[in-house]
Amino acid sequence: MKNLAQLLREHPFFHGMDEEHLEFIARCGQNCIFNRGEYIARENAPADQFYVIRDGKVAVESYVPNHGSLCLQTLHSGDIFGWSWLFPPYLWTFDGRALDEVHAVRLDGKCLRDKCDEDPKLGYALMKRFARIVTDRLHTTRVQLMDVYNQQRPPLDSGQ
Amino acid sequence: MTPEVFRVEQRREEFPGTFTLRIRGERAKNGSPAEFQPGQFNMLYAFGAGEIAISLSGSPRDRDGYVHTIRTHGFVSQALERLQAGDLLGVRGPFGCGWPLSAAKGKEVLIIAGGLGLAPLRPLIYNLLGDTQSVRNIRLFYGARRPDEMLYRDELAQWAGSMEIVQSVDHGDADWAGHIGVITGPLAGAELDPQNTVAFLCGPEVMMRFCIQTLTAKAVPESAIYLSMERNMKCATGHCGHCQWGPNFVCKDGPVFNFAGVQSWFNIRAL
Ligand code: FES
C-alpha cells in the first residue's frame with residue numbers, strides 16, 4: 001500500500017512541490033472514509049481541513065430555507081475539496097456531503113497554516129495551487145450562470 | 001430544389017419545448033429517401049409558415065425515413081411542433097458536410113455534446129457503435145441543463161453498455177447520479193492519449209469554446225477536433241450567402257468543420 005507522501009506525490013495538484021514540503025504535508029494527513037449521506041463539511045463551521053478525494057463523490061451544497069439542500073457541484077476522484085482553511089475567517093462556505101462511500105485523504109489545514117506563516121515558500125506554493133482551484137470553480141460557476149443550454153437555439157434553426 | 005412531401009409517422013415529446021419527428025416520404029413508397037451522412041441536415045418546410053434547417057438525428061442505416069429532433073424557438077419550429085402523426089410537411093435535403101468518420105479510424109473517440117447538440121451527434125454514435133472494431137474506444141461527454149432536459153435517455157442507458165458515458169447537468173435533482181457542474185470538469189479530468197484522440201463536438205458555441213480550450217490544454221491537436229456550427233440558412237445550397245461564416249458557407253462547407261481550419265473565425269465575436 002502506498003504511503004501518504006507517495007499518494008500526494010502522484011497527485012497532479014502537488015506536482016512540482018519540493019520534496020521536503022510534500023513530506024511535511026503528508027505528515028499533516030490521514031486517510032479517512034465517509035459513509036453515504038455523511039457530512040464532510042458544514043457551512044459556517046470552522047474549516048481546518050481540506051481533502052483529496054480518492055474515491056467516491058462529494059456534493060457541494062448550500063441549504064436554502066423552505067427548499068432544502070441545493071447541490072451546486074459534485075466533486076469526484078482526484079478532486080480537491082476545501083479551500084476555506086487557507087483564507088480568513090477559516091469557515092466552510094458550503095456544505096460537503098458524501099453521495100456514496102468516499103475515501104479521502106484529510107489534510108490538517110490548521111497545522112499547514114501555521115507552517116505557511118513560518119515558511120513563505122511553502123505558503124506561496126500552496127497559495128498558487130489553491131488560487132487555481134478557486135479560479136477554476138469561479139470559471140465553472142460563471143459558465144453555469146450563463147445557462148448556455150437554455151439560450152441554445154435548435155441546431156441549425158434560423159429562428160424565423 | 002423543390003421540397004418533397006413527407007408525412008409525420010411518429011411524434012415524440014422529448015421534454016417540454018423539444019420534440020422528435022419521424023417522417024416518411026410520400027413518394028418513397030417505391031424507394032427510400034436519399035441517404036444521408038451523420039452530421040448533415042434537412043430543410044423542413046412547415047406549409048404556410050416557412051423553412052428551417054434541422055439536423056438529421058436518426059440512424060443513417062434506417063432507410064425508411066428521417067428523424068429530426070426540434071426545439072421550439074421561432075415561428076417555423078412552432079408550426080412544426082403542432083404537427084401530429086399523419087400531417088404533411090416539405091423536406092429538402094440532405095445538405096452539408098457531415099462528421100468525417102474516416103478521421104475516427106483507430107482513434108480514441110470523444111463525442112462531446114451539449115444540450116440539443118446530441119441530436120446531430122446521434123447518427124455518428126449509431127455508426128460508430130455499429131463498427132466498434134474500427135476505433136480504439138468511444139466516450140460520450142454529455143452536458144445538459146437538467147436531468148429531465150437530456151435527450152434520448154433510454155438510449156443513453158443502452159449505450160452505456162458499449163461506451164463510457166459521462167453526463168453532467170447544471171442543476172441536479174434527488175435522483176441524479178451523474179456529475180453536477182459544467183462538462184469541462186469531467187473532460188479535464190479524463191485520461192486520454194492526445195495524439196491518438198479525435199473529438200466531435202456539438203452544442204452551444206460557448207460550451208464548445210470552453211471544451212476546445214480544455215482539449216487543447218490536454219494537448220489534443222486542433223486538427224483532431226471537429227465541431228458542428230449553426231447559422232441562419234435559407235437556400236442551403238451555397239447560393240444565397242445567408243449562412244456565410246468567414247470564407248465559408250455553413251450550409252455547403254459545413255455544418256461540420258475541422259477546428260484547425262476555422263479557428264480564426266471561431267474566435268471572432270458576432271461573425
Ligand atoms: S444558406 Fe444560402 S448560402 Fe448557405
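This is a predicted model: local features need pLDDT of at least 70, side-chain atom pairs count only at pLDDT 80 or more; totals for chains, interfaces and linings use all residues.
The secondary structure of chain A consists of 5 helices and 8 strands, and their order from the N terminus on is α-α-β-β-β-β-β-β-β-β-α-α-α. Taken along the principal axes, the box filled by the C-alpha atoms of chain A is roughly 65 × 35 × 35 Å. Of the 160 residues in chain A, 48% are buried, and the accessible surface of the chain comes to about 8300 Å², with 52% of that area belonging to carbon and sulfur atoms. When the contacts of chain A with a separation of 6 or more are considered, 73% of them are accounted for by residues 24 or more positions apart.

Within chain A, helix α2 spans residues 19-27, and its buried residues are A:His21, A:Leu22, A:Phe24, A:Ile25 and A:Ala26. The cover over these buried residues of α2(A) includes the helices α1 (4-10), α3 (109-118) and α4 (120-146) as well as the strands β1 (29-34) and β8 (102-108) of chain A. Helix α2 of chain A also holds A:Glu20, which counts as exposed because its relative accessibility is 57%, where exposed means over 50%. In sequence A:Glu20 is 102 residues apart from A:Leu122, whereas in space the two are 9.6 Å apart, C-alpha to C-alpha.

In chain B, an open sheet of 6 strands with antiparallel pairing has the order β4-β3-β6-β1-β2-β5. The edges of this sheet are formed by β4 and β5 of chain B, each of which has a single partner strand, so that one side of each is left without a neighbour in the sheet. From one strand to the next, the twist averages 40°. Strands of a sheet pair through backbone hydrogen bonds, in either a parallel or an antiparallel sense. Strand β1 (residues 4-15) of chain B is joined to strand β6 (residues 88-95) of chain B by 4 bridges in the antiparallel sense, and B:Gly90 in β6(B) is the bridge partner of B:Val5. Strand β2 (residues 18-25) of chain B likewise pairs in the antiparallel sense with β5(B), over 6 bridges, and here B:Phe19 stands opposite B:Ile70 of β5(B).

Although β5(B) stands at an edge of the sheet, this strand (residues 66-71) is mostly covered, with 6 of its 6 residues buried. In a regular strand the side chains alternate between the two faces of the sheet. A nonpolar patch on the surface is formed by B:Val5, B:Phe47 and B:Leu88, which together have about 240 Å² of accessible area. Of these residues, B:Phe47 is found in the loop between β3 (41-46) and β4 (50-55) of chain B, and its relative accessible area of 45% makes it partly exposed.

Chain B also has an open sheet of 7 strands, in which the pairing is mixed and the order is β10-β9-β8-β7-β11-β12-β15. The edge strands are β10 (179-180) and β15 (256-258) of chain B, each pairing on one side only. Strand β8 (residues 137-144) and strand β9 (residues 164-169) of chain B run parallel and are joined by 6 bridges, with B:Ala144 standing opposite B:Val169 in β9(B). Helix α7 (residues 259-266) of chain B packs on the sheet, where it touches β12 (225-228) and β15 of chain B, and its direction makes about 95° with that of β15(B).

Helix α2 (residues 118-129) of chain B lies across β7 (108-114), β8 and β11 (197-202) of chain B and runs at about 155° to β7(B). This helix of chain B contains B:Asn127, which counts as buried because its relative accessibility is 14%, where buried means under 20%. Leaving aside residues up to four places away in sequence, B:Asn127 touches B:Pro38, B:Pro60, B:Arg61 and B:Leu101. In the loop between β12 and β13 (244-245) of chain B lies B:Met233, and this residue counts as buried at 2% relative accessibility. B:Met233 is 179 residues apart from B:Ile54 in sequence, while their C-alpha atoms are 9.9 Å apart in space.

Note on methods. Residues are numbered from 1 along each chain as its sequence is written. Chains are lettered from A and ligands numbered from 1 in the order in which they are written. Side-chain values use heavy atoms; hydrogens and water are left out. Two strands pair if DSSP finds at least two bridges between them. Helices (H or I, at least four residues) and strands (E, at least two) are DSSP runs, numbered from the N terminus. Contact means heavy atoms within 4.5 Å. Axes are lines fitted to C-alpha atoms, for helices over the stretch in contact, and angles run from 0 to 180 degrees between N-to-C directions. Buried means under 20% relative accessible area, exposed over 50%, partly exposed in between (1.4 Å probe, protein chains only). Patches are made of residues with over 30% relative accessible area and no salt bridge: like charges are joined within 9 Å, nonpolar side chains (Val, Leu, Ile, Met, Phe, Trp, Tyr) within 5 Å. Accessible areas come from the Shrake-Rupley method with a 1.4 Å probe; for residues, only the protein chains shown count as cover. A salt bridge is a side-chain nitrogen of Lys or Arg within 4 Å of a carboxyl oxygen of Asp or Glu.
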